[in-house]
Amino acid sequence: MWRETMEKTNVSRGLFEFNNIFKESDNIYRGFARWCGLSECAFWILYCLRTEYTEATQSGICGGLFISKQTINSALKKLEEQGYIELRHTDGDRRSKEIAFTKAGLKLCKNTVDRLIEVENDTLLDLPENERETFLKLFRKHTEMLKNNVKESIYDKKIE
């Protein structure tokens with residue numbers, strides 16, 4: 001009984017620390033978006049487009065950011081109204097719009113998002129390669145396990 005109580009206590013402390021680290025990291029990005037004069041969603045859209053890990057369409061952004069289509073659409077419209085992006089219909093699909101930067105949008109990114117991406121890259125490079133690989137591997141593993149456990153333990157069970 002004592003061992004089980006101690007293990008739960010240690011896990012709870014670990015969860016508390018993990019959540020604090022995660023929230024602090026999230027707060028860094030939230031503060032940066034505010035410093036840029038952008039909503040969090042607009043910031044993440046620009047970030048996503050500049051890191052080139054998704055196609056430059058609304059659906060690609062939704063999939064890359066795990067944010068609802070309505071929220072992405074609102075942020076894209078505002079970025080377009082501010083003159084930072086243009087939304088163009090893609091060939092063959094009137095519903096899909098390609099996102100393109102205007103000159104003002106490229107300048108905004110150069111002065112904001114690109115600077116943060118450079119700092120992030122430098123920060124990762126500050127870790128020795130083996131630590132960087134271990135960090136990314138464990139973070140991915142934890143995320144996959146959490147996703148599966150939430151599905152099995154919560155989503156697949158009925159509310160009583």
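## A linked trio of charges

A salt bridge here is a side-chain nitrogen of Lys or Arg within 4 Å of a carboxyl oxygen of Asp or Glu. One of the links joins Arg30 to Asp26, with 2.6 Å between the closest N and O atoms. Arg30 and Asp26 sit four residues apart in helix H1, so about one helical turn separates them.

How covered up are these two? Arg30 has a relative accessible area of 27%, so it is partly exposed, and Asp26 is partly exposed too, at 30%. The cut-offs are simple: buried is under 20% relative accessible area, exposed is over 50%, and partly exposed is in between (1.4 Å probe, protein chains only).

## What you are looking at

This is a predicted model, where local features need pLDDT of at least 70, side-chain atom pairs count only at pLDDT 80 or more, and totals for chains, interfaces and linings use all residues. Residues are numbered from 1 along each chain as its sequence is written, and side-chain values use heavy atoms, with hydrogens and water left out.

The chain has seven helices and two strands, and from the N terminus on they run α-α-α-α-β-β-α-α-α. Helices (H or I, at least four residues) and strands (E, at least two) are DSSP runs, numbered from the N terminus. Of the chain's 160 residues, 24% count as buried. Take the contacts (heavy atoms within 4.5 Å): among those between residues at least 6 apart in sequence, 44% join residues at least 24 apart.

How many salt bridges does a search of the whole structure find? The count is six. Glu144 takes part in a pair of them: its side chain meets that of Arg140 (3.0 Å, N to O) and that of Lys147 (3.4 Å, N to O).

Arg140 and Glu144 are four residues apart in helix H7, so they are separated by about one helical turn. Glu144 and Lys147 also both lie in helix H7, but three residues apart, again about one turn of the helix. As for cover, Glu144 counts as partly exposed, at 28% relative accessibility.

## The largest pocket

The largest pocket has a volume of about 1900 Å³. Its lining takes two or more residues from each of helix H1 (2–36), helix H2 (40–51), H3, helix H6 (113–126) and helix H7 (129–155). H7 gives the largest share, 10 residues.

In total, 33 residues line the largest pocket, and Phe22, Ser25, Tyr29, Trp44 and Phe139 lie nearest its centre. The lining divides into 21 nonpolar, six polar and six charged residues. (Ala, Val, Leu, Ile, Met, Phe, Trp, Tyr, Cys and Pro count as nonpolar, Asp, Glu, Lys and Arg as charged, and the others, Gly among them, as polar.)

How is a pocket picked out? On a 1 Å grid over the protein atoms alone, it is an open set of points where a 1.4 Å probe fits, with protein on both sides within 12 Å along at least five of seven lines; lining residues have an atom within 4 Å of a point. Grid points are joined across faces, edges and corners, and the volume is the space filled by probe spheres set on the points.

## A closer look at Gln58

Gln58 is found in helix H3 (residues 58–65). Is Gln58 buried or exposed? With a relative accessible area of 15%, Gln58 is buried. Neighbours within four places in sequence aside, Gln58 is in contact with Lys69, Ile72, Asn73, Leu76, Lys97 and Ile99.
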